[in-house]
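Q: Hi! I'm new to this one and would like a quick tour. Can we go through it together?

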Amino acid sequence: MVVKPPLKVTKAISILPRVLVWTKPVVSGQGTVVSSEPTTNEKLAIDALTKLGAYYKVVHTESEFIEHMRSGYYNTYALLDTGKPTTDGLTTELVEKVYGGDSLVLTGSSSMDDIKISEITGTKFTGYLPDGVRTATIGMPFYEQPVNITTAGKAQKATITSATAYASGAIADIYLSVIVNGYGKGKGVLVAFDLGKSSDSANDMTTYSALFGRIIGNTAPIETRLIPEGVAPVEITVESIGSAFDLNVVEKADSRMAILDAALNGSIDSINSTVTWS
């Protein structure tokens, strides 16, 4: 068979980030969900992860988060705003995940400041700065040259307790803004402030989406661990060497494998073990 124009087809185990994001829904003062409209944290996460080409899912409850965390699909967990404290069971599982090689990103609104989580971020929680607008400086490894951004809302106060942790910058030249730590085979990052509230205060989605994207890009694992009976993320690229044209792509998996999901609106045929992209 001769295909014109010629195509370049590559297939490989994907090393793109696979990110599970937890943000709270829009709720009333009584805690009732009042809108399906995504919060600013959710919007900026989706924007950043789409630009990264990451595989991601956004959830809004702890039960959803635990279900998808246990699926094996994800290697990076971002708790941007949980809305309420998390349970000890989730904390224990996250510690094990990160120690084994996954990554965890927390913010000042993650409601996870207990001692076990502090081991991951290499910090000691010492309280909160009150609500207010401040200037934070953030540098390496997220920016080659330090940049100033506006923070809003309350911010965590933390001190570094691990020899492997370091600060990427400071809030008001005093308090740590972003802390990065190596924990076991994985990484933990603490962003001391709330990205969404800061974005709203500055009326600037671009800066905070870009920051979140840089954090994920620098924190997510750079290799994919394959284990028996585990999930294997596969990246397929089809490139026209000549002119552009319409094309259907069909990928067939070995009968011993199960196709669990297909990005970019792929259509899965579980009976024939195929995925079709049109």
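Q: Let's start with Thr-224: buried or exposed?
A: This is a predicted model, and in it Thr-224 counts as buried, because its relative accessibility is 18% and the cut-off for buried is under 20%.

Q: Where does Thr-224 sit?
A: Thr-224 is in the loop that runs between helix 6 and strand 17.

Q: And what does Thr-224 touch?
A: Leaving out residues up to four places away in sequence, Thr-224 touches Ile-13, Ser-14, Ile-15, Arg-18 and Pro-233.

Q: You mentioned helix 6. What span should helix 6 have, going by its residues?
A: Helix 6 covers residues 205-219, which makes 15 residues, so at 1.5 Å a residue the span should be 21 Å. The C-alpha atoms at its ends are 21 Å apart, in agreement with that.

Q: Which residues of helix 6 are buried?
A: The buried ones are Tyr-208, Ser-209, Leu-211, Phe-212, Gly-213, Ile-215, Ile-216 and Thr-219.

Q: What goes on at the start of helix 6?
A: There, a side-chain oxygen of Asp-204 comes to within 3.1 Å of the backbone nitrogen of Thr-206.

Q: What polar contact does the side chain of Ser-209 make?
A: The side chains of Ser-209 and Asp-47 are joined by a polar contact of 2.6 Å. With residues up to four places away in sequence set aside, Ser-209 touches Leu-44, Asp-47 and Ala-48.

Q: OK, new topic. How many residues are in the largest nonpolar core?
A: That core has 31 residues, and the ones with the most contacts inside it are Val-21, Ile-138, Phe-193, Leu-195, Leu-211 and Phe-212.

Q: Which elements give two or more residues to this core?
A: They are strand 2 (18-23), helix 1 (40-52), strand 6 (76-81), strand 9 (134-138), strand 15 (178-183), strand 16 (186-191) and helix 6. Helix 6 gives the most to this core, with 5 residues.

Q: What is Leu-195 in contact with?
A: Apart from its neighbours within four places in sequence, Leu-195 is in contact with Asn-41, Leu-44, Leu-80, Tyr-208, Leu-211 and Phe-212.

Q: How many residues are in the second core?
A: The second core is separate and has 25 residues, including Trp-22, Tyr-73, Leu-94 and Met-112.

Q: Which residues of helix 3 are buried?
A: In helix 3, the buried residues are Leu-90, Thr-91, Glu-93, Leu-94, Val-95 and Val-98. Just after helix 3, Gly-101 has a positive phi of about 130°.

Q: How about helix 2, which residues are buried there?
A: Helix 2 (residues 62-69) has Glu-62, Phe-65, Ile-66, His-68 and Met-69 buried. Among the elements that cover them are strand 2, strand 5, strand 6 and helix 3.

Q: Last topic, the backbone. What is the peptide bond from Met-140 to Pro-141, cis or trans?
A: That bond is cis, with omega near 5°. Pro-141 is in the loop between strand 9 and strand 10 (147-151).

Q: What is phi for Ser-111?
A: Phi of Ser-111 is near 55°, which is positive in a residue other than glycine. Ser-111 is in the loop between strand 7 (103-107) and helix 4.

Q: And what about phi of Asn-265?
A: Asn-265 is not a glycine, yet has a positive phi of about 65°. Asn-265 counts as exposed because its relative accessible area is 77%.

Definitions and conventions
Residues are numbered from 1 along each chain as its sequence is written. This is a predicted model: local features need pLDDT of at least 70, side-chain atom pairs count only at pLDDT 80 or more; totals for chains, interfaces and linings use all residues. Side-chain values use heavy atoms; hydrogens and water are left out. Helices (H or I, at least four residues) and strands (E, at least two) are DSSP runs, numbered from the N terminus. The expected span of a helix is 1.5 Å times one less than its number of residues. Buried means under 20% relative accessible area, exposed over 50%, partly exposed in between (1.4 Å probe, protein chains only). A polar contact is a pair of N or O atoms within 3.5 Å; within protein, one must be able to donate a hydrogen and the other to accept it, and residues adjacent in sequence count only if both atoms are side-chain atoms. A nonpolar core is a set of buried Ala, Val, Leu, Ile, Met, Phe, Trp, Tyr and Cys residues joined through side-chain atoms within 4.5 Å. Contact means heavy atoms within 4.5 Å.
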